[in-house]
Amino acid sequence: MSFTIATSLDEALASIAAGARPIAGGSDLVVGARQGKFDLPAELVAIDRIESLATIDVGADETSIGSGVTHSRLMEDGVIVDNFTAIADAAALVGSPSTRNVGTIGGNVMNSSPAMDTGAPLVVLGAEAELTTSSGRRRVGLDELWTGPGQHSAAADELCTALLLPNRPANSGSAYVRLEYRRAMEIAVVGAAAAITLDGDNIDSIRVALTAVAPTIIEVAGLDSLVGRPLDDASLAEIAEAASGQATPISDLRASDAYRRHTIGVMARRAAEAAARRASGETIAVPVNRALGIGAAS
Ligand SMILES: Cc1cc2nc3c(=O)[nH]c(=O)nc-3n(C[C@H](O)[C@H](O)[C@H](O)COP(=O)(O)OP(=O)(O)OC[C@H]3O[C@@H](n4cnc5c(N)ncnc54)[C@H](O)[C@@H]3O)c2cc1C
């Protein structure tokens with residue numbers, strides 16, 4: 001077994017090109033190996049000391065979140081909380097403080113679990129993944145990146161270096177809510193993110209995405225009919241119905257498929273309501289789950 005600690009991107013990319021697997025916080029990779037889900041890869045390159053991967057850069061048109069940014073930072077960073085609030089909502093729900101201190105957004109995305117919490121927020125905010133090799137970089141949409149539970153389309157020598165998000169127009173808000181049975185160390189039973197831009201009292205744009213109800217994170221289709229309408233009870237009912245109708249959940253120890261199909265509609269509705277309230281200028285603290293008492297009771 002070999003373990004390299006990279007201190008520069010070039011060093012990491014060279015190791016990965018030579019066959020090493022990247023490890024960021026290790027909260028999926030090491031924990032999964034310890035639980036016997038898979039063997040730890042024979043060659044690892046640690047990427048958590050590469051400063052250029054731990055930056056959040058706001059450009060004229062888009063914001064880049066380095067893949068090495070931790071959940072602890074995402075839930076408190078002013079740029080994220082003010083502009084990409086659903087990501088902060090999600091990061092604040094991940095695991096425990098110790099998980100959030102080491103777990104990264106890049107690890108969350110590349111682990112490719114349909115239950116990942118930052119996935120649905122990234123989808124509704126229009127994120128693309130930046131994938132880098134020693135010879136170049138490309139951007140890929142998340143619907144193209146995630147191909148199944150724990151599976152993605154990136155090549156073995158591609159490192160996710162950033163998540164790239166278009167800057168949000170005025171009068172926009174986003175939110176992520178998750179059904180949870182307890183308040184810590186819980187993986188989403190189901191979850192939903194919404195991003196809304198308002199034109200006065202009416203919806204100018206709306207996207208909703210769902211967690212843990214399909215083999216990958218999915219975006220709810222067919223919501224364009226809501227544009228130009230207020231987010232009233234009728235619109236919210238349509239969102240809930242579309243979310244439940246498009247979900248294809250499994251039954252497991254934690255919930256039946258029927259329960260997941262029902263509750264995903266409730267979560268989608270709540271996410272849309274919170275996103276619209278934020279879009280209209282109201283401050284709802286991060287995470288929405290705690291601020292509005294959604295999920296496990298205190
Ligand atoms: C107790 C506990 C609770 C948890 N709770 C939650 C939760 O509530 N919600 C949730 O979503 N997750 C949860 N997780 C899972 C995990 O913490 C997150 O998915 C975390 O974001 C993973 O990041 P990491 O940096 O630790 O990834 P790692 O474990 O380092 O890597 C995960 C995978 O991604 C690959 N990888 C990492 N970085 C890159 C990169 N930049 N480019 C390419 N591939 C890369 C690795 O090779 C590996 O295959 C929990 C984990 C634990 C142990």
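Reader: What share of the accessible surface of the protein chain belongs to carbon and sulfur atoms?

Author: The model is predicted. Its protein chain has an accessible surface of about 12900 Å². The part that belongs to carbon and sulfur atoms is 50%.

Reader: What radius of gyration does the protein chain have, and why does it agree with a compact globule?

Author: The C-alpha atoms fill a box of roughly 60 × 45 × 35 Å along the principal axes. For 298 residues, a compact globule would have a radius of gyration near 19 Å, so the value for the protein chain agrees with it. That value is 19 Å.

Reader: Is S112 buried or exposed?

Author: S112 sits in the loop between α7 (105-111) and α8 (119-124). Its phi is positive, about 60°, although S112 is not a glycine. Buried means under 20% relative accessible area. S112 has 2% relative accessibility, and therefore counts as buried.

Reader: Which loop holds A212, and what is its relative accessibility?

Author: A212 is a residue other than glycine with a positive phi, near 65°. The loop that holds A212 runs between β13 (202-211) and β14 (218-219). A212 counts as buried because its relative accessibility is 14%.

Reader: Where is P287, and what is the omega of the peptide bond from V286 to P287?

Author: P287 has its place in the loop between α11 (257-279) and α12 (288-291). The peptide bond that leads from V286 to P287 is cis, and its omega is near -5°.

Reader: How far apart are the mean positions of the positive and negative charges?

Author: The protein chain carries 23 positive and 36 negative charges. Their mean positions are separated by 7 Å.

Conventions. Residues numbered from 1 in each chain as written. Predicted model: local features only at pLDDT ≥ 70, side-chain atom pairs only at ≥ 80, totals over all residues. Heavy atoms only, no water. Rg over C-alpha atoms; globule rule 2.2 N^0.38 Å. Areas by Shrake-Rupley, 256 points an atom, 1.4 Å probe, with all protein chains shown as cover. Lys, Arg positive; Asp, Glu negative; His and termini not counted. Charge placed at Lys NZ, Arg CZ, Asp CG, Glu CD. Helix = DSSP H or I, 4+ residues; strand = E, 2+ residues; numbered from the N terminus. Buried < 20%, exposed > 50% of the residue type's maximum accessible area, 1.4 Å probe, protein only.
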